[in-house]
Amino acid sequence: MSKFTLQERRNPEWYAMDLRQEMEIPDSEPIDLDNLLRILNIHLKIARIGKGILGACKVKGLHKLIVISPDILYETNKRFTISHEIGHLIIHHGVHYCYADDLKMWISKSTKEKEANKFAAELLLPQRTVKSKLNKHDVSLELAAILSNQYNISLTSAIIRLVELSEENVCVFCQKNDKICWYMRSNECRFSPRTGAISYDSLSYITSLKRQKQEGYVNPSSWFEEDEFDEDLNCHEETWYFENLNMKLSVVRLETDYW
């Protein structure tokens, strides 16, 4: 058994870290979920479960079952849902039914669903890898795209992972129909992110099918609610438009220029 501190054992990430070690999977490699399911003797079934339910799992004696909905179209979303359900089986046991919001780290309110999401995030993209990357690079959609391809996870999952583990003052915003639909900020980000309509002063406002990627410096008020900002504060924005999802992602980083 792997040696971790008592505090780490209380965290859902510990179970994923330990599982990777037991299977001797380096942090630099994506997890083979088919092999993991076989080793854990978990049967996977694709079937409709109930209205709005995307994933479910149960344990009965030695029998373990995961069911995911055929309505999950993208392979990366299937991988996250399966990993989420494995988390329930390992950490919580019993029977669990998961709706779309339960699988969204920026929305989920249930403690058990949050724990299953954290387990899935660590299993699919180990924090040691993320922190190693962040020691050399700023949080960016470019870096998220590299990790997304390497670990077979969605770009959204990758950028959320980068932001939540970052020591930078950074926030990611998701927008649809010219409105901010959700955001996630790093622990270092103490400002209040804007909600509602996209600001006219942001680069996101001019990002479109013809101009799918925009990057540069903007006024901090384009993304944050505060009335006043330090004169030494610079706000860097990187926005990408995804035509197939009619969605924009913006990574907004606040930098203080002391020199």
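Select helices α4 and α5 and look down on their crossing: the crossing is right-handed (left-handed would have the near helix turned anticlockwise from the far one by less than a right angle, right-handed clockwise). Helices here are DSSP runs of H or I with at least four residues, strands are runs of E with at least two, and both are numbered from the N terminus. The model is predicted: local features need pLDDT of at least 70, side-chain atom pairs count only at pLDDT 80 or more, and totals for chains, interfaces and linings use all residues. Residues are numbered from 1 along each chain as its sequence is written, and side-chain values use heavy atoms, with hydrogens and water left out.

The axes of α4 (residues 75–92) and α5 (residues 111–124) come within 8 Å and cross at roughly 120°. Axes are lines fitted to C-alpha atoms, for helices over the stretch in contact, with angles from 0 to 180 degrees between N-to-C directions. Show side chains at the contact (heavy atoms within 4.5 Å): residues including Phe80, Ile86 and Ile90 of α4 meet residues of α5, among them Ala116, Phe119 and Leu123. The residues of this contact divide into 10 nonpolar, 6 polar and 4 charged (nonpolar: Ala, Val, Leu, Ile, Met, Phe, Trp, Tyr, Cys and Pro; charged: Asp, Glu, Lys and Arg; polar: the others, Gly among them).

Next select Leu36, Ile86, Ile159, Leu162 and Leu249, which touch the most other members of the largest nonpolar core, a set of 51 residues. Such a core consists of buried Ala, Val, Leu, Ile, Met, Phe, Trp, Tyr and Cys residues joined through side-chain atoms within 4.5 Å; buried means under 20% relative accessible area, exposed over 50%, partly exposed in between (1.4 Å probe, protein chains only). Helix α8 (residues 155–165) gives the largest share of this core, 7 residues.

Centre on Leu162. Beyond its neighbours within four places in sequence, Leu162 is in contact with Val130, Leu134, Val139, Ser140, Leu143, Ala144 and Leu147. Now colour helix α7 (residues 141–151), where Leu143, Ala144 and Leu147 are among the buried residues. Asn152 follows α7 with a positive phi, near 55°.

Move to helix α2 (residues 12–22), in which 8 of the 11 residues are buried. These include Trp14, Met17 and Leu19, as well as Glu13, Asp18 and Arg20. After α2 comes Glu24, whose phi is positive, near 60°.

Finally, show the whole chain, with its 8 helices and 10 strands. Of its 259 residues, 50% count as buried.
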